[in-house]
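Visitor: I have a structure to look at. Could you walk me through it?
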Amino acid sequence: MKEIGKYFIFIGYLFTNRESFKTHYKLIIDECVLIGVNSIFLFVLVSSFIGAVSTVQTAFNLVAPYIPKYVISQVVREMTVLELAPTVMAIVYAGKVGSSMSGNLGTMRITEQIDALEVMGINSINYLVLPKIVASVLMYPLLVIVSGVCALMGGYLVGLITGILAPTEYIYGIRYLFNEFTITFALIKAITFGFLVASISSFKGYYTQGGALEVGISSTKAVTTSVIAILLADYLLAQLLLSPA
Amino acid sequence: MIEIQNISKSFGEKKILKDISGKFDKGCPNLIIGASGTGKSVLLKCIVELVKPDEGYVFFDNRNFTESNRKDKIEIRREIGMLFQGGALFDSKTVEENVRFPLDMLAKMPKDEKTDRVNLVLNRVGLKNANKKMPSELSGGMRKRVGIARAIVNNPKYLFCDEPNSGLDPQTSILIDELIQVLTSDYDTTTIVVTHDMNSVMGIGDNIMFLYQGEKLWEGGKDDITHSGVKELDDFVFANKVMIAMRGKSR
């Protein structure tokens, strides 16, 4: 409980004694490059394979002849948009970006760089953490969109190559009974997870105490806590936004 | 001038600082000395409130820092320059960007003026052509000098140095000490230096505070330190062979 209280105080400090917009603007752009551009390759790779594997496994399970083949891509679409792209990729995101944020801030803490900022009268939480959170909230939804497209493309390609289902059937299934709200829901989840991963990882890194060993421990804790928060938030959002009345 | 009154600090059950009071004058370096683990760095961090003291007050030129509100504290902190033990340089910035950082964040002056100021202080600390180097390319002594340059670039009224010559060779240590002394007198700053290096003590120690197990046991100048009559201080001062030899000669 003490840790949760400390986390909310930490979040409160993000908005006190703020630096100028000009200062933050540059830092946010830098963080967007670090978070977004540097993660694209991993996201494309993982998503494409997940999409491909989902297609093969769904086809393997749908053996009844009375089930039309386009149902395979319909299932892949629903899985991708609702869960794989926003949630599963958030776990990958926590592992890559969250651990890096925590390690970065932890190293700054143990080498007294954060103390140096504080002594200058700069709110180090606002200066260092706010740009990371803003960049994460901006970039993660974009990564989710890339991830969703790549997963569906992966499924398409594997269907084409293996002959599980024809491209026309795949496209038909993707479009069949499509509910646009699932995209909105996926983006709401993406914004939430982007915030959670960045804020929790920064929190863990910022309060690192000790040496190099503790920086590693903080990074591990950042990933673990972020994943737990993602799963809890995933359930809560599903209950709130998808629950039938 | 900086004044501290009855500063105490504990970490858990362990009392690190016990009721420490004292005054630090401006224009000459004030040294806080003592063996490792006696609370020197904690005292320094309590003064600038990087560590919040459990009890006691700190006054910067009669302004009560401890009881100031957040806004006033920030104002006072903007008059402080601090050199950290490892330099605390920002890894992702070049030497020039590191030194320029306080100006970018705190000072309102034209870009060219900032560049001139950065070059001036880098020149002052003997790092004329190091502007574009990254901290990872610097030696320990150079990192300390960049740290000093960053600390003084904004013309601070108060300068704090935490173990400025730890990990440095004797020659570089002397250079750093002399630099701190010259800058203190030239800029008329109130300077506090935490050290356990006897060379520094004998070189720039006009005002010395000796800490032993979290308590202030002695205060004085370098001329009195060898005959203080305080056993713990004698043990600290004469722990090194050069000082023992000096004592032999003076007798």
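Visitor: Which strands of chain B does helix α5 lie across, and at about what angle does the helix run to β6(B)?
Guide: This is a predicted model. Helix α5 of chain B covers residues 140-152. It lies across β6 and β7 of chain B, and its angle to β6(B) is about 175°.

Visitor: Which strands stand at the edges of the open sheet in chain B?
Guide: Six strands form the sheet, in the order β6-β7-β8-β3-β9-β10, with mixed pairing. An edge strand here has a single partner strand, so one of its sides is left without a neighbour in the sheet. That picks out β6 (80-83) and β10 (215-220) of chain B.

Visitor: In β8(B), what is the bridge partner of Tyr158(B)?
Guide: Strands of a sheet pair through backbone hydrogen bonds, either parallel or antiparallel. Strand β7 (residues 158-162) and strand β8 (residues 190-195) of chain B pair in the parallel sense, over five bridges. For Tyr158(B), the partner in β8(B) is Thr190(B).

Visitor: Why is α3(B) called oblique to α4(B)?
Guide: Helix α3 (residues 95-106) and helix α4 (residues 111-124) of chain B pack with their axes 10 Å apart. Roughly perpendicular stops at 115 degrees, and roughly antiparallel needs over 145. The angle of about 120° falls between those cut-offs, so α3(B) is oblique to α4(B).

Visitor: How many charged residues has the contact of α3(B) with α4(B)?
Guide: From α3(B) come Glu96(B), Val99(B), Arg100(B) and Leu103(B). They meet residues of α4(B), including Lys114(B) and Arg117(B). By class, the contact has five nonpolar residues, no polar ones and four charged.

Definitions and conventions. Residues are numbered from 1 along each chain as its sequence is written. Chains are lettered from A and ligands numbered from 1 in the order in which they are written. This is a predicted model: local features need pLDDT of at least 70, side-chain atom pairs count only at pLDDT 80 or more; totals for chains, interfaces and linings use all residues. Axes are lines fitted to C-alpha atoms, for helices over the stretch in contact, and angles run from 0 to 180 degrees between N-to-C directions. Helices (H or I, at least four residues) and strands (E, at least two) are DSSP runs, numbered from the N terminus. Angles under 35 degrees count as roughly parallel, over 145 as roughly antiparallel, 65 to 115 as roughly perpendicular and the rest as oblique. Two residues are in contact if their C-beta atoms, placed from the backbone, lie within 7 Å. Ala, Val, Leu, Ile, Met, Phe, Trp, Tyr, Cys and Pro count as nonpolar, Asp, Glu, Lys and Arg as charged, and the others, Gly among them, as polar. Two strands pair if DSSP finds at least two bridges between them.
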